[in-house]
Each structure stands twice: as C-alpha cells, then as structure tokens.
Amino acid sequence: MQTLAVDIGGSGIKVIALNELGEATTERSRVETPNPAKPAPILTEIVSLAAKQGEFDRVSVGFPGVVMGGIIKTAVNLDPNWVEFDLAKVLSERLGKPVRVANDADIQGLGTIQGKGVELVLTLGTGFGSALFVEGKLVPNLEMGHHPFRKGETYEEQLGRAALDDAGKKKWNERLGKAIATLENLFNCDYIYLGGGNTKKITFDLPSNVKIVPNVNGLLGGIALWRD
Ligand code: BGC
C-alpha cells in the first residue's frame with residue numbers, strides 16, 4: 001500500500017511516496033507554485049509530479065489554509081478561487097485514487113509530535129502555520145497566524161515571508177522570540193516544534209522545549225490521514 005504525499009505551499013509544491021509504515025520510498029520532488037496560484041494550474045502540477053512517483057494507492061495532501069471535509073475554506077496565500085473548492089473530490093477524479101486533504105501545519109504536526117502532553121507546531125514559511133495537539137489529539141483549525149500578535153498586526157503579518165523580507169532577519173528573529181514566549185504563556189506547552197523553510201533564518205538560542213524539525217515532516221505526516 002503506497003501513499004502519495006503532496007504538500008502545497010505558497011512557494012513550492014512537493015511530493016514523495018510513502019510505504020505502509022510511512023517511510024519515504026522515493027526522492028522528494030518539488031516544483032515552483034504556479035502564479036497565479038489558482039486551482040487548475042496547481043492540479044496540473046500535482047498530476048505531473050504524481051506521474052513521476054511510481055505506483056500509489058491513495059493520496060494525502062497538505063494545503064495552506066483551513067480544510068473541512070476535503071473542501072478548502074481559506075487560502076490567503078494562494079488565490080481566492082480556492083475557497084469552497086472540493087480538492088479531495090476533484091484531485092481524486094484526476095488521479096483515480098482516494099484523496100484526503102488536511103491543513104499543511106496539521107500534517108507537519110502529525111509527522112512530528114510524540115503524542116504526549118501539549119504540543120504546539122508552528123510553521124515558518126510563506127505563511128505562519130499552527131497546529132495544537134493534546135495527548136496526540138489535534139485541536140482542529142487553529143489559525144494562530146491570523147490572530148492578533150503585536151503592534152496591531154497578526155503573527156503572519158509579523159513573521160510570514162513578506163515580513164522577513166521587509167523587516168530583515170534581525171527584527172524577524174526578535175519577533176519570533178517574542179511570539180514563542182507569548183504562545184508559551186498561553187498554552188504552557190510541553191513542546192513547541194518549529195517547521196518550514198524559514199527556520200534556517202533562526203539565529204538565536206531556542207528555549208530547551210523548542211525544537212526545529214525537518215521540513216520533510218510536512219510530507220511524512222500525510223500517512224496519518226489514513227490511520228482510521
Ligand atoms: C494559513 C494556514 C496555514 C499557514 C501556513 C496561513 O496563512 O491560514 O492555514 O497553515 O498559512 O501555510
């Protein structure tokens with residue numbers, strides 16, 4: 001039983017194939033996210049990436065927005081045409097395989113957590129992703145990124161890719177330190193995991209319960225969508 005794991009991001013679309021145990025059996029491949037990032041060109045990219053991954057029986061997709069029952073509810077960093085798009089159904093028709101879709105940060109978390117205590121996953125990429133787990137159970141649809149953080153701005157406005165580009169690495173690091181402290185006070189986490197491409201820009205020493213986790217977890221976690 002092979003699972004094709006797909007991660008749709010604001011800058012790249014990535015795929016890998018996973019075996020029954022959730023281990024990668026192919027090399028990860030990546031293409032740039034089409035611009036404009038509308039459903040049709042993104043589906044075309046996924047179908048052509050899938051064709052190069054060998055045989056698979058089912059598909060897991062991480063999407064950078066709120067997903068409910070396979071339907072996209074928000075897509076702030078892609079394109080408004082995604083809202084109410086039934087990604088699970090349409091991609092399943094295109095690939096001829098069952099498809100399950102979840103939020104990208106949730107999948108990153110499913111590929112990362114230990115299943116004990118309160119675990120918070122934050123992803124630092126184009127957007128600011130968040131996923132909260134209590135004893136391994138996901139608290140659904142936590143959108144910390146769009147919650148007020150400081151100076152009248154949200155976490156994503158202060159810490160997303162645009163903010164890193166505008167404010168520079170030094171300020172972005174200072175803000176990240178404040179965000180970690182604020183969220184630590186709010187959730188009293190056992191662990192905070194930081195994922196996403198911009199973790200490479202972190203220059204300060206993290207508290208002992210905060211860990212940077214590999215980006216590939218955003219694909220590996222896809223296996224968990226099939227654990228019924
Ligand atoms: C979206 C989240 C997503 C995050 C990371 C945010 O803008 O609202 O759903 O997890 O970006 O992609």
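R58 touches M1, Q2, T3, L4, K97, P98, I223 and W226, leaving out residues up to four places away in sequence; a touch, or contact, means heavy atoms within 4.5 Å. The model is predicted: local features need pLDDT of at least 70, side-chain atom pairs count only at pLDDT 80 or more, and totals for chains, interfaces and linings use all residues. Residues are numbered from 1 along each chain as its sequence is written, and side-chain values use heavy atoms, with hydrogens and water left out.

**R58 and strand 4**

- R58 is found in strand 4. Helices (H or I, at least four residues) and strands (E, at least two) are DSSP runs, numbered from the N terminus.
- R58 counts as buried, at 12% relative accessibility. Buried means under 20% relative accessible area, exposed over 50%, and partly exposed in between, with a 1.4 Å probe and protein chains only.
- The side chain of R58 makes a polar contact with the side chain of T3, at 2.8 Å. A polar contact is a pair of N or O atoms within 3.5 Å; within protein, one must be able to donate a hydrogen and the other to accept it, and residues adjacent in sequence count only if both atoms are side-chain atoms.
- R58 and L43 are 15 residues apart along the chain, and their C-alpha atoms are separated by 16 Å.

**Helix 1**

- Helix 1 covers residues 39-51, and its 13 residues should span 18 Å at 1.5 Å a residue. The expected span is 1.5 Å times one less than the number of residues. The end C-alpha atoms are 18 Å apart, which agrees.
- P39, I42, L43, I46, L49 and A50 are buried in helix 1. They cover an arc of only 125° around the axis, so they sit on the same side of helix 1. The arc is that of the directions from the helix axis to the C-beta atoms.
- An α-helix has 3.6 residues a turn, so residues three or four places apart point the same way.
- Strand 1 (3-8), strand 2 (12-18), strand 3 (29-32) and helix 2 (87-95) pack against the buried residues of helix 1.

**Helix 2**

- L87, A88, L91 and L95 are buried in helix 2. Their arc around the axis is only 90°, which puts them on the same side of helix 2.
- The cover over these buried residues includes strand 1, helix 1, strand 4 (58-63), strand 6 (71-72) and strand 7 (99-103).
- E93 also lies in helix 2, but E93 is exposed, with a relative accessible area of 56%.
- E93 and G221 are 128 residues apart in sequence and 23 Å apart in space, C-alpha to C-alpha.

**The ligand site**

- There are 14 residues around the ligand, and N103, D104, E143, H146 and E156 come nearest. A residue is near a molecule or strand if one of its heavy atoms lies within 4 Å of it.
- A polar side-chain atom of E143 lies 2.5 Å from an oxygen atom of the ligand.
- For the side chain of H146, an N or O atom is 2.8 Å from a ligand oxygen.
- For the side chain of N77, the distance from an N or O atom to a ligand oxygen is 3.2 Å.
- Taken alone the ligand exposes 310 Å², and the protein buries 95% of that. Accessible areas come from the Shrake-Rupley method with a 1.4 Å probe; for residues, only the protein chains shown count as cover.

**Loops and backbone angles**

- Most residues other than glycine have a negative phi, and most peptide bonds are trans.
- A cis peptide bond joins N35 and P36, with omega about 0°. P36 is placed in the loop between strand 3 and helix 1.
- N141 has a positive phi, near 55°. N141 sits in the loop between strand 10 (137-139) and strand 11 (148-150). N141 counts as partly exposed, at 36% relative accessibility.
- N188 has a positive phi, near 45°. N188 is in the loop between helix 5 (161-187) and strand 13 (191-195). N188 counts as exposed, at 54% relative accessibility.

- N19 is found in the loop between strand 2 and strand 3 and is buried, with a relative accessible area of 18%. The side chain of N19 reaches the backbone nitrogen of L21 at 2.9 Å.
- T123, in strand 8 (residues 118-124), is buried, with a relative accessible area of 11%.
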